[in-house]
Amino acid sequence: METPGSQSSLHRANLERVVRAVRLAGSLTQAEIARTTGLSAATVSNIVRELKDGGTVEVTPTSAGGRRARSVSLSGDAGIVIGVDFGHTHLRVAIGNLAHQVLAEEAEPLDVDASSAQGFDRAEELVSRLIAATGVDRSKVAGVGLGVPGPIDVESGTLGSTAILPGWGGTKPAEELRDRLGVPVHVDNDANLGALGELVWGSGKGVRDLAYIKVASGVGAGLVIDGKIYRGPGGTAGEIGHITLDESGPVCRCGNRGCLETFTAARYVLPLLQPGHGPDLTMEGVVRLARDGDPGCRRVIADVGRHIGSGVANLCNLLNPSRVVLGGDLAEAGELVLGPIRESVGRYAIPSAARQLSVLPGALGGRAEVLGALALALSEMGDSTLLDGSLRSSAPAFT
């Protein structure tokens with residue numbers, strides 16, 4: 001039996017520290033593991049050898065700083081995680097292994113007027129189909145990350161009534177999906193997951209603090225502070241869409257007037273252009289027309305960028321992030337929207353905060369949220385399960 005402070009318990013703790021560092025990063029060199037964990041190079045070398053012999057990690061030759069090195073990642077057959085993203089018009093599911101490799105991914109349209117039960121039934125079917133397509137045993141599922149377009153109460157796990165999906169307010173999404181899949185489910189709002197996705201795989205790699213701004217049917221921000229998502233005590237941090245720009249402006253769905261959302265979200269922007277472009281116009285279409293030179297669409301996108309920039313300036317003054325990543329369809333507009341955002345930041349933010357800020361388009365497009373859901377599942381799973389080998393089976397490995 002291990003006792004606190006014993007050599008065996010210390011060794012176990014060091015094993016878990018190394019596994020956690022590799023699990024969160026995807027892959028690290030042994031030198032990076034030492035820096036991340038604070039363990040000595042010799043200790044890391046011995047632990048990696050032990051984990052490799054036990055089949056928990058894989059070691060491959062690489063280079064770092066021009067020198068030969070060894071890259072350590074979790075074994076491709078150590079287990080899998082699932083990402084599920086509910087959007088205003090879509091359902092997207094991805095299957096990934098613990099080495100941060102996406103094994104399967106699929107999206108399909110979602111009727112926003114469907115009941116939550118119908119939505120979760122669809123998610124269950126799509127998850128089962130993708131697991132079957134990968135050929136991985138269901139017993140190897142370590143956890144599920146779930147994204148929804150609305151605030152989640154941290155204590156109760158309840159979806160707030162201001163959610164974009166009508167009729168879903170008051171539901172407990174994690175419980176609903178857990179009951180169907182029989183595995184741990186971790187839930188967060190789509191903006192937070194977009195931030196996680198870009199932090200791990202996209203435009204946020206290498207930074208410790210950023211804001212991910214998603215503009216779609218609503219407007220939200222995922223905030224990363226010191227490398228971690230900041231949710232606030234009630235889970236509503238990042239509701240940038242409800243910053244007031246004009247107290248006499250349009251009435252927002254939250255009940256206030258002139259929120260940032262009423263000047264930037266698709267439901268408010270598209271009617272400005274539909275008289276000239278038809279009722280089927282989408283934000284994706286607006287961006288495409290703007291890039292092709294349509295003057296009306298270019299003007300609207302520039303206006304939206306300036307309004308978003310006002311909200312970003314407030315974030316700069318309060319949190320001083322080093323990077324802002326713009327997600328959603330609007331990011332495809334490139335400098336047509338990024339330029340006006342930077343212009344407003346330069347005008348309204350504290351000069352020192354504005355100078356330190358970089359504004360970039362998201363690198364993952366519409367995949368940011370589902371990849372963030374995978375990252376959430378990876379971050380929440382326990383390391384003892386991996387060390388005990390209960391997720392490993394005879395199922396085939398993937399490359």
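This is a predicted model: local features need pLDDT of at least 70, side-chain atom pairs count only at pLDDT 80 or more; totals for chains, interfaces and linings use all residues.
Let's start with the helices. Find α10, which covers residues 295-319, and α11, which covers residues 335-348. Their axes sit 7 Å apart, and the two helices pack at an angle of about 40°. That angle makes α10 oblique to α11, since angles under 35 degrees would count as roughly parallel. As for handedness, α10 goes past α11 in a right-handed crossing. On the α10 side, the contact is built from Arg 298, Ile 301, Ala 302, Gly 305, Arg 306, Ile 308, Gly 309, Ser 310, Val 312, Ala 313, Cys 316 and Asn 317. Coming from α11 to meet them are Leu 336, Val 337, Pro 340, Ile 341, Glu 343, Ser 344, Val 345 and Tyr 348. Sort the residues of this contact by class and you get 12 nonpolar, 5 polar and 3 charged.

Now for the other pair: α8 (residues 266-277) and α9 (residues 283-291). Here the packing angle is about 60°, and the axes are 10 Å apart. These two helices are therefore also oblique to each other, because the roughly perpendicular range begins at 65 degrees. The crossing of α8 and α9 is left-handed. From α8, the residues involved are Ala 266, Val 269, Leu 270, Leu 273 and His 277, and they meet Met 283, Val 286 and Leu 289 of α9. This contact has 7 nonpolar residues and 1 polar one, with no charged residues.

Next, have a look at a lysine. Lys 214 belongs to strand β9, which runs over residues 210-215. Is this lysine buried or exposed? Its relative accessible area is 12%, so Lys 214 is buried, because the cut-off for that label is under 20%. What does Lys 214 touch, once neighbours within four places in sequence are left aside? The answer is Asp 190, Val 219, Gly 220, Gly 327 and Glu 369. With Asp 190 there's a polar contact, side chain to side chain, at 3.3 Å.

Setting aside residues up to four places away in sequence, Val 207 touches Leu 199, Ser 322 and Arg 323. Val 207 and Gly 309 are 102 residues apart in sequence, and 21 Å separates their C-alpha atoms.

Finally, a word on backbone angles. Most residues other than glycine have a negative phi. His 100 has a positive one, near 70°. You'll find His 100 in the loop between β5 (90-97) and β6 (102-109), and it counts as buried because its relative accessibility is 14%. Asp 226 also has a positive phi, near 55°. Asp 226 lies in the loop between β10 (219-225) and β11 (228-229).

Terms used. Residues are numbered from 1 along each chain as its sequence is written. Side-chain values use heavy atoms; hydrogens and water are left out. Axes are lines fitted to C-alpha atoms, for helices over the stretch in contact, and angles run from 0 to 180 degrees between N-to-C directions. Helices (H or I, at least four residues) and strands (E, at least two) are DSSP runs, numbered from the N terminus. Angles under 35 degrees count as roughly parallel, over 145 as roughly antiparallel, 65 to 115 as roughly perpendicular and the rest as oblique. A crossing is left-handed if the near helix is turned anticlockwise from the far one by less than a right angle, and right-handed if clockwise. Contact means heavy atoms within 4.5 Å. Ala, Val, Leu, Ile, Met, Phe, Trp, Tyr, Cys and Pro count as nonpolar, Asp, Glu, Lys and Arg as charged, and the others, Gly among them, as polar. Buried means under 20% relative accessible area, exposed over 50%, partly exposed in between (1.4 Å probe, protein chains only). A polar contact is a pair of N or O atoms within 3.5 Å; within protein, one must be able to donate a hydrogen and the other to accept it, and residues adjacent in sequence count only if both atoms are side-chain atoms.
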